[in-house]
Each structure stands twice: as C-alpha cells, then as structure tokens.
Amino acid sequence: MFNKCLSGCDNEKEFEECWMKMVTDYKLENNDWFKRLYGLKDKWCTTLNNGFFSADIRSSQRNESTNHAIGFDANKTTTLTEFYGIYKKIIKQWRRTEQQDEFNCSKAQPDIGYEMAGIVRHASEVYTLTLFKEFNKEFMKGISATSTVIGEHDTTTIYRVTSLMGDRSNEVIFDSSMMLITCDCLKFERFGMLCCHSLRILLINSVQRIPDAYIKNRWTKIAKTKVWDKFGKVSLAEKVGRNIPWRHEITRKIYNLVLRAEENEDAIKIIEESHKRDSLAIDALNSTKNVDVLTDASSSTKILDPTRSKTKGRGKRAKGHFETSKKKKVGTSNSIQSKEFGTKTPKQHLF
C-alpha cells in the first residue's frame with residue numbers, strides 16, 4: 001500500500017484516500033515517523049509532482065541507467081585513465097546510435113498493423129519512431145476507453161473518461177474554439193505528450209491533427225533544427241567554435257535538396273549553376289579576408305633578435321655537451337701491448 005502512495009496514485013485525492021486507509025489499517029495515527037514522512041510528501045510522492053516536466057525519469061532510474069551504461073566495462077579497481085577511455089568509447093557508441101536513429105526517423109515509416117489516418121498519421125510525421133510507439137500505446141488505450149459529457153459551457157465541454165476495466169476515471173476539459181485540452185492526470189505536463197484520455201476526446205471530436213500547443217519540440221524529428229534556429233540568433237562572435245550544429249543542419253538541407261532535384265534535369269542545372277556561383281562568391285570573400293590578414297601582418301612592427309655580446313674569456317666557440325663528454329685517450333699506442341697469441345716467445349720450454 002505504501003508503494004501505491006509512493007508512485008501508484010493518479011491524483012492528490014487518490015493519494016489522500018490511500019494514505020488514510022494505510023494509517024487506519026495499520027494503526028499508525030500516533031506514529032511520529034509517519035507523521036514526519038507525511039509532512040515531506042511533496043518530496044517523495046510522484047503524484048504530487050505531476051505538474052512538473054520530468055519526462056517520466058526518476059532520480060533512481062537515472063542513476064541505474066548510468067550504471068548500466070558504464071558498469072559493464074568499469075569496476076572499483078578501474079583507474080581514472082581507464083575510465084576516461086571507457087567513457088570516450090561509450091560516447092562514440094551513443095553518437096553512432098543517434099545518427100542511425102536520425103536516419104531511420106527521416107526515411108522509415110512505423111509499422112502499427114493498421115492504416116494510419118488523421119491524428120495518428122500526423123503523429124507519425126511529427127514524432128520520432130520511439131516517441132510514436134508511446135503515442136500509439138496511448139491512442140489504443142483511448143480507443144478502448146469510454147467517455148461521457150458531465151458539463152458544457154459555450155465552446156468548453158467537460159468529459160468523464162473511464163478506462164476499459166472501469167477502475168479509473170479522469171476528467172478532461174476541451175475548448176473546441178481555442179483547441180485547448182487539459183486532463184487531471186497531468187501526463188502532458190509531466191511527460192510532454194497527450195494522454196489517452198485527451199486523445200479519446202480529440203478522436204470523438206474528429207480532430208485530425210495534434211494541436212501545435214501540445215507538440216514538444218524535444219520529441220520531434222526536427223528537434224535539432226529548432227535548436228539551431230535558436231542558436232542562429234546568437235551574434236557571429238559568439239558562434240566561434242560552435243559551428244558543428246550548423247554544419248550538420250546545412251548538410252541535411254543540401255542533401256534533401258539534391259534528392260528532390262535528381263530526377264529533373266532543369267533542377268540539376270539550377271543546383272550546379274548555384275554551386276558554381278556560390279563557390280566563386282565564397283572564394284572571393286576568403287581571398288579578401290586573407291588579404292586583410294596579410295596587410296595587418298605586414299604593417300605590424302617586426303621584433304628582431306638582440307645583438308650578441310662577446311663576454312670576456314670567450315674567444316672561441318663554446319663546446320657542446322657531447323664534445324665535453326668525450327673521454328680522453330689514456331697513453332699512447334706504443335704502450336699498449338698486444339695480447340695476441342704468438343707475439344712473444346715464452347721463456348720456459350713447453351716440452
């Protein structure tokens with residue numbers, strides 16, 4: 001029951017009911033520790049933090065994912081240098097996986113087992129493959145749910161959405177004129193994607209597209225493009241050393257332009273002429289910049305080496321390290337006696 005209070009309740013009312021039932025069943029009314037724990041409920045109960053964006057990632061899950069990513073190659077005896085090598089290898093693997101996912105999202109179509117239409121097709125065009133799978137799960141839950149109207153005022157309608165099993169129900173408010181929708185489960189505020197209850201209401205109102213206000217850029221296929229558009233507003237001086245996002249984005253744009261023009265000869269000629277014209281213009285700009293750099297360099301003051309002074313007692317060139325380290329020869333060649341056999345006749349007879 002405590003686990004349900006921790007992360008199993010949908011709203012604050014359900015949490016309060018579950019907490020009171022637990023305290024009553026286990027007779028914890030006078031327990032000081034539980035009283036203090038209840039006073040800190042905002043810090044440990046996930047239900048009371050649904051209004052804050054967290055992408056459904058808890059602090060413990062983040063720690064576990066980090067350990068899973070690095071723990072298979074590192075242990076308590078791993079040195080800092082070895083850990084750095086492991087870290088670089090993992091980052092390289094993540095980047096390669098990210099590039100493959102970007103390619104799949106731009107070219108592949110999700111397979112969901114039925115014909116996509118309306119809001120589902122729009123979601124497949126907007127979201128990445130991974131996020132579209134989550135969207136499809138919520139959409140299927142919304143299809144199986146039931147909804148009833150419990151209130152209406154002008155263009156605003158209040159619905160009661162009940163799950164297939166009938167054990168849970170949520171209240172959804174939909175404004176058809178402003179295309180605004182809210183649900184008391186707060187999944188959009190917490191995760192950044194519409195819940196099954198909201199999708200159910202959009203479906204029965206024949207809404208064909210997800211409202212723009214409920215599409216988070218971080219979950220879309222063009223998330224990096226949005227980042228670069230925001231980055232493009234920065235002044236040129238602040239962009240120095242940060243041109244990698246622009247390079248990737250402009251490469252993707254040019255590649256898509258080539259794909260669109262490869263089957264049309266007139267379009268191919270336009271691209272080739274534009275390439276020649278742009279190349280000449282860029283070369284002219286670079287040459288002008290180089291001339292300015294050379295002019296600045298030539299106009300700068302030249303710094304010469306100071307005149308060499310000849311110190312007393314140094315008429316000759318100073319010897320180097322290897323010259324002074326040579327050993328002097330000891331004796332002369334005449335004083336060295338040959339040890340070769342037969343050069344000197346022994347005085348004693350051998351036989």
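Predicted model: local features only at pLDDT ≥ 70, side-chain atom pairs only at ≥ 80, totals over all residues.

**A pair of packed helices**
- Two packed helices are described by the angle between their axes and the distance between the axes.
- Helix α2 spans residues 12–25 and helix α3 spans residues 32–39; the two pack at an angle of about 175 degrees, and their axes are 13 Å apart.
- Angles over 145 degrees count as roughly antiparallel, and α2 and α3 are therefore roughly antiparallel to each other.
- On the α2 side, the contact is made by F15, E16, W19 and M22, while α3 brings F34, L37 and Y38.
- Sorted by class, this contact of α2 with α3 has six nonpolar residues, one charged residue and no polar ones.

**A nonpolar patch on the surface**
- If you look at the surface, you can find a nonpolar patch formed by Y114, M140, I143, L203 and I204, which together have about 400 Å² of accessible area.
- Helices α8 (129–144) and α10 (196–204) are the elements that give two or more residues to this patch.
- I143, one of the patch residues, is found in helix α8.

**Salt bridges**
- How many salt bridges does the structure hold? There are six.

**A loop residue and its contacts**
- I112 sits in the loop between α6 (80–107) and α7 (119–126).
- Leaving aside residues up to four places away in sequence, I112 touches V120, F132 and N136.
- I112 and F132 are 20 residues apart in sequence, and their C-alpha atoms are 9.9 Å apart in space.

Conventions
Residues numbered from 1 in each chain as written. Heavy atoms only, no water. Axes fitted to C-alpha atoms, helices over the stretch in contact; angles between N-to-C directions. Helix = DSSP H or I, 4+ residues; strand = E, 2+ residues; numbered from the N terminus. Parallel < 35°, antiparallel > 145°, perpendicular 65-115°, else oblique. Contact = heavy atoms within 4.5 Å. Nonpolar A, V, L, I, M, F, W, Y, C, P; charged D, E, K, R; others polar. Patch = residues over 30% accessible without salt bridge, like charges linked within 9 Å, V, L, I, M, F, W, Y side chains within 5 Å. Areas by Shrake-Rupley, 256 points an atom, 1.4 Å probe, with all protein chains shown as cover. Salt bridge = Lys/Arg side-chain N within 4 Å of Asp/Glu carboxyl O.
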